[in-house]
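Let's work through some exercises on a protein structure together. Keep the viewer open and try each task before you read its solution.

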Amino acid sequence: MARPPRSFPLKGLFIGLKRTAIIFMQTMFPKRGIKTVLPAPTIGAHTVQYPYKSPPEVPVTRARGVIALKSENCTVCMLCARSCPDWCIYIEGHKTKAPPRRPGGKERTVSALDRFDIDYSLCMYCGICVEVCPFDALFWSPEFEYSETRLADLLHDEARLNEWFETVPEFEPYEAGSTAKVRKVPR
Amino acid sequence: MISSVLAIDWSNYWQQSIFRVLGAAIFVILGAGTFVIAFLFKMMSYMQSRLGPMEAGPHGTLQLLAEVGKWLQKEDLIPSRADRTLFKLAPYIVMASTFLVVVVMPFGPDAYFINVDTGIYLALALASLSVIGIIVAGWASASKYSLLGALRAAGQLIAYELPMVLAVVGVVIQAGTLNLQGIVAAQHQGEIFGWGGIGNPFILTQLVGFVVFLIATQAELAQPPFDMPVAESELVTGYMTEYSGMRFLLFFIAEFASAAVFAALAATLFLGGWAIPGVDLDDNVMNVVGPLVLFVKMMLVGALIFWARFTFPRFREDQLQAFAWKALIPLALVNILATMVLKVAF
């Protein structure tokens, strides 16, 4: 491997100092022209003062914001509730009869969902429930603005979880040449 | 300001003592607070294109008060196997060494706490006391992280004490005195090849000494790139690991107060202290203006120290020691030799 040409010793130190100084000046004095002398770090910095200004609209891929539920796909298999490390998913259901698939067939036994709650005051956003769901009923949504003043209000019921489903983005496209079956969000 | 109060013959030991303690406390707290807000909160953020704290007060200027309030509320934890007496004592030793250095600092012709002939010697001796507090903290915590951090700190502080002292020796030789007032006067009345327009700040002749002093200061403060003792990825926070609440706050204040004190010391030794270059004012005026001038110079030196702090990554332990013993100390010795020769020659 070719070694870099010898420069005067400690050159890197000065390059580093210069770099931080440049960023400092850019942040401190971002304005051009006559206003250059006025320090305006709120304009110069990359920081967005979030609650006062909304962040730029950028698609946040794979963001773990909130877990969305598609109730129609849920079979009350309880896999998510059992795999949840801190037991924040509450599911209740009952057996019921559904009409036969083909005319003249036998009535089917299905599970009906009575209750599906996720307690976000307990949830640690590990995403195991989303991974483990075999019926495409749970999805990650990038929404994050659901803080509450009361702890109990962080318990999202089925209706609320179904609302979050509207915000679920499409899955990221696979890499070129991938032979895996392409999954789609069941709209 | 200070002088007018000092000039009164208090003839009362306790009144003067209380006044001096208050003065030193104001310097330490103001210095540490300004350094934290101006450099740690704001300069660091801007260097990383961030804003830093913005909520408490205009542009987050009162953030430090909020932080102090938070720390004071925290539980004062002491590990069960810790040596309780030493554990409680350690932050105060570190704090005391910082306070004591302020005592010899000159702020104006008459604005000083004490004026001893061996001022800079006393300052450096007192500054090196803090290592005892750090070792005590590490040992008393009964934690391996703390002990390792304290041992690293001891090795580093002793290694960098030497180049710091040697860098100062150059100044002392040139000024011909150990007295800090004398060093300030020597710079103010000095001449550059017969031209006395701005005096002779020793940074011009002792640039090598200044650089060595700043690097050694950086190491003495155990801040990046010399923060092996508190290397958070290996040792949590080194000797401060087991400390919380008020006692951690004391360590924190001591760290930044000693940054301020060392910056003021560097300003006194190399930038002319409280004197305005080329301006001769009445002593009574200088007693008021002097502290402000020293403050401005202190901020300049502080900006240099913290600029390096926020730029460079950490040294490895062996690099750190090699840098002190193989680079800084020979450099400082050569500087002393050159100063000696030139002092005799001119």
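**Exercise 1. Find what share of chain A is buried, and describe the overall form of the chain.**

Step 1: Of the 187 residues in chain A, 28% are buried, where buried means under 20% relative accessible area with a 1.4 Å probe, protein chains only. This is a predicted model, in which local features need pLDDT of at least 70 and side-chain atom pairs count only at pLDDT 80 or more, while totals for chains, interfaces and linings use all residues. Residues are numbered from 1 along each chain, chains are lettered from A in the order in which they are written, and side-chain values use heavy atoms, without hydrogens and water.

Step 2: Chain A has a radius of gyration of 26 Å, whereas a compact globule of 187 residues would have one near 16 Å. That radius is taken over C-alpha atoms, and the globule rule is 2.2 Å times the number of residues to the power 0.38.

Step 3: The C-alpha trace of chain A spans about 85 × 50 × 30 Å along its principal axes.

**Exercise 2. List the elements of chain A in order.**

Step 1: Count 5 helices and 5 strands. These are DSSP runs, with at least four residues of H or I for a helix and at least two of E for a strand.

**Exercise 3. Describe how chain A meets chain B.**

Step 1: Contact (heavy atoms within 4.5 Å) links 17 residues of chain A with 15 residues of chain B.

Step 2: The two chains bury about 1,400 Å² between them, 71% of it on carbon and sulfur atoms. Buried area is the accessible area (1.4 Å probe) lost when two parts are put together, summed over both.

Step 3: In chain A, the residues losing the most area to chain B are A:Leu17, A:Thr20 and A:Phe24, together 33% of what that side buries.

Step 4: Helix H1 (11-28) and helix H2 (41-44) of chain A each supply at least two residues of this side, and H1(A) gives the most, with 9 residues.

**Exercise 4. Decide whether B:Asp227 is buried or exposed, then find where it sits.**

Step 1: With a relative accessible area of 6%, B:Asp227 is buried.

Step 2: B:Asp227 lies in the loop between helix H10 (207-220) and helix H11 (232-235) of chain B.

Step 3: Beyond its neighbours within four places in sequence, B:Asp227 is in contact with B:Ala222, B:Glu232 and B:Arg314.

Terms used
Buried < 20%, exposed > 50% of the residue type's maximum accessible area, 1.4 Å probe, protein only.
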